[in-house]
Structure formats: structure tokens, C-alpha cells
Amino acid sequence: EAEYHEEIYRLAIVDGLTDIPNKRYLIEFLNRELSRSMRHSRPLAVILFDIDRFKAVNDTFGHLCGDYVLREMALRL
């Protein structure tokens, strides 16, 4: 039963097309790390980046290609 609940949770926090964590996971993760940072009086840094003109990738090559690009970028980060 525990495995079932873990899988349900994984499905809720991972994007099905790109297989990378989604916004829900990001918010949960940041809340945990912010709490830890405050608890231990440690600084916390966050890096956020945007892929310029990514819509053009989807429009030109299709969403499957766009998903591939997102997966590959996530792997490299």
C-alpha cells in the first residue's frame, strides 16, 4: 500500500510528458529548503532561468520536440 501511495505522489509531482518535476514539486521543495535554511540560520540561493523563444521551438518543430528539449535541458542541469 505504501508503494501505491508513493507512485500516486510521484504522478502528482512529475510531468508526464517531460518526466521532470513540475511546479507543485518546486513549491514543496522550496518550502522545505526555506524552512531548513531558517532553522539552521543558513543562506539560501535560488537560480531561475528562462528558455528564450522556447515557444518558437514548439511552433516550428512540434510539442514532442519541445518536450525532448526540456528533458535534455533538465538532464544537463
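The confidence of the predictor in each residue is expressed as pLDDT, on a scale from 0 to 100. The structure is a predicted model, in which local features need pLDDT of at least 70 and side-chain atom pairs count only at pLDDT 80 or more, whereas totals for chains, interfaces and linings use all residues. Residues are numbered from 1 along each chain as its sequence is written, and side-chain values use heavy atoms, with hydrogens and water left out.

The mean pLDDT of the protein is 92, and 100% of its residues reach 70 or more. Among the elements, which include helices (DSSP runs of H or I, at least four residues, numbered from the N terminus), α2 has the highest mean pLDDT (96) and helix α4 (residues 63-76) the lowest (89).

The structure holds 5 salt bridges, each defined as a side-chain nitrogen of Lys or Arg within 4 Å of a carboxyl oxygen of Asp or Glu. Helix α2 contains both Glu28 and Arg24, 4 residues apart, about one turn of the helix; their side chains meet in a salt bridge (3.4 Å, N to O). Arg36 and Glu33, 3 residues apart, also both lie in helix α2, and in their salt bridge the closest N and O atoms are 2.9 Å apart. In helix α3 (residues 54-61), Lys55 and Asp59 lie 4 residues apart, and their salt bridge has its closest N and O atoms 2.6 Å apart. Both Lys55 and Asp59 are exposed, that is, over 50% relative accessible area, where buried means under 20% and partly exposed in between (1.4 Å probe, protein chains only). Arg24 is partly exposed because its relative accessible area is 45%.

Technical notes: Helices (H or I, at least four residues) and strands (E, at least two) are DSSP runs, numbered from the N terminus.
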